[in-house]
Every structure is written in C-alpha cells, then in structure tokens.
Amino acid sequence: MNGIHLEAYILDTQIQSKQAVVALHCESGWPLDFRQKFVPQLSERIRGRLEGWSCYREYGAWKLMMGNNDDGRSNKGMMSVCEVGVPFGASPDETMERVERQLRRLMTLGADIDDVIENCCCLQNDEDTEQENSSSLVLALTREQVRMNDGLENRPMWSVIDGYVVDCTEFAKFHPGGLRKIRDTDEKQTGWTGEEFGFSLTRGSNAHFPKTGRVFEDGMKKFDKLQRQVEVDFGSSDGGAITILGKLLP
C-alpha cells in the first residue's frame, strides 16, 4: 500500500509472537521530503494520545516509530508513524475485536493527520517559492552588477559572453592577455553585436576558436537545463575555467 493509511496484519512473525500489528504508515505515495516532515510532526502531536491508549495492556502498548520499520531498522522512506502489537485473544473473534478497537483509535486521528498534511504542504510551498525567488535573483543579473565586479581592488572579475554573465576571476590569471584583455570584452568595439556586453565565443570574429566555442556552448546548455551556476573548463592551455553565474538582464 502507498500513501498515508491504517494497516493491520498477521503474518508468520505475528503468529509466532501471538501479536497482531496495527499501524499508521506514511509510504511512497507521498514524496520523501514530505514524509520527512510529516512523520516527526505527527508523532509529536499524537504522543500524549498514544501514552493514554497504552494504559489498556490487554490491547498492547503503542510506540512511536519515527520512520523505523517494525523490526527497529531505520527506514529512509519514513514509513511507520506508530504501531502496536495487539496480543491474541482467547479466540479469533476476541483477537479481531482487539484489532478493530485499535484501528478505531487510529481513526480518531483523522483531524490531526489532515492538519499536519496541510502544514507540511504549506511549508513545502514556502520552500519552493523561496528557492524559486532565490534562483531568480542569482540567475538574472544586471549590467550595473557586471560593471561593479570589474576585477579591480580585489573585486571579482565578471564579464558577459553570449548574453551569459560569467565569473572569470581565476581565468584572467592564466589568460595571455591578462585582466585588461578580459575587461575589454565588454566594450562596444569588441563584441560581435557592436553593443556593450556583446562579446561572443560562438559568433563573430572570436568564433574562430572552435573548441572554446563548443565548450562554452555546452556550458550554456547545461546552465539552461540545471538553472544553477555552472563551471566551464576550457583546459589549462586555453586559460582554465570560468563560471556561468546567470543571464544578463536586457
């Protein structure tokens, strides 16, 4: 079974121990990051309830599992919230009555489960929004930010290649033309567009370095796919590596 559900079973192990298992599970119908929030939150919320239920020893003692399997082994899937071993009764009917009573107790947790689900989903949405906003801030950079990072007075050296903002601080140390040559790439007369920040490795006069152009083009594709900073290594003979930081805003 998947998702959040109640479960009762008697298998060979339970027959040997003469105890049926009644459990509340959260399985792979929900994403792992949700389960890692849901299980500890719900466990803390129902802890007192389980302690009260355990007073009735003929029905078994409840225990919080905190994502462990019923044999105590850690389960990275965060499967089990709580379980109880229900002692067999004097007859099958009595055993079933005890199991049903424990299941009915779990059913009273419905409102708590719903509240924790809602809270976990809200937390996930907030995290996704924060991550999206953070990524947008990092991946979209302005011309003024590029100008400020000019490689002078121990500042990083940023430049623009094919519309992507790159950190070439380390690259400039190995480049034959040095920092000055790198800074010139952002000038109007250098780029293939004839505009500021119009430098290209794949078009115009600098496209005559085919290997360098292909390597950078692969880096652009990787950046677009992953939507995060990407290192582009041209090899030591071409001056080392640069890092694609983001795209230049129009």
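Mentor: First a definition: accessible areas come from the Shrake-Rupley method with a 1.4 Å probe, and for residues, only the protein chains shown count as cover. This is a predicted model, where local features need pLDDT of at least 70, side-chain atom pairs count only at pLDDT 80 or more, and totals for chains, interfaces and linings use all residues. Residues are numbered from 1 along each chain as its sequence is written, and side-chain values use heavy atoms, with hydrogens and water left out.

Trainee: What share of the accessible surface belongs to carbon and sulfur atoms?
Mentor: Start from the total, about 14400 Å² for the protein. The part on carbon and sulfur atoms is 51%.

Trainee: And what percentage of the residues is buried?
Mentor: Buried means under 20% relative accessible area, exposed over 50%, partly exposed in between (1.4 Å probe, protein chains only). The protein has 250 residues. Of these, the buried share is 39%.

Trainee: Which strand pairs with E5 in the parallel sense?
Mentor: Strands (E, at least two residues) and helices (H or I, at least four) are DSSP runs numbered from the N terminus, and two strands pair if DSSP finds at least two bridges between them. E5 covers residues 140-141 and has two bridges to its parallel partner, residues 241-248. Leu 141 stands opposite Leu 248 there, and the strand is E9.

Trainee: In what sense do E7 and E8 run relative to E9?
Mentor: Four bridges join E7 (residues 164-167) to E9, with Val 166 opposite Ile 244. E8 (residues 230-233) is also joined to E9 by four bridges, and Asp 233 has Ala 241 as its bridge partner.
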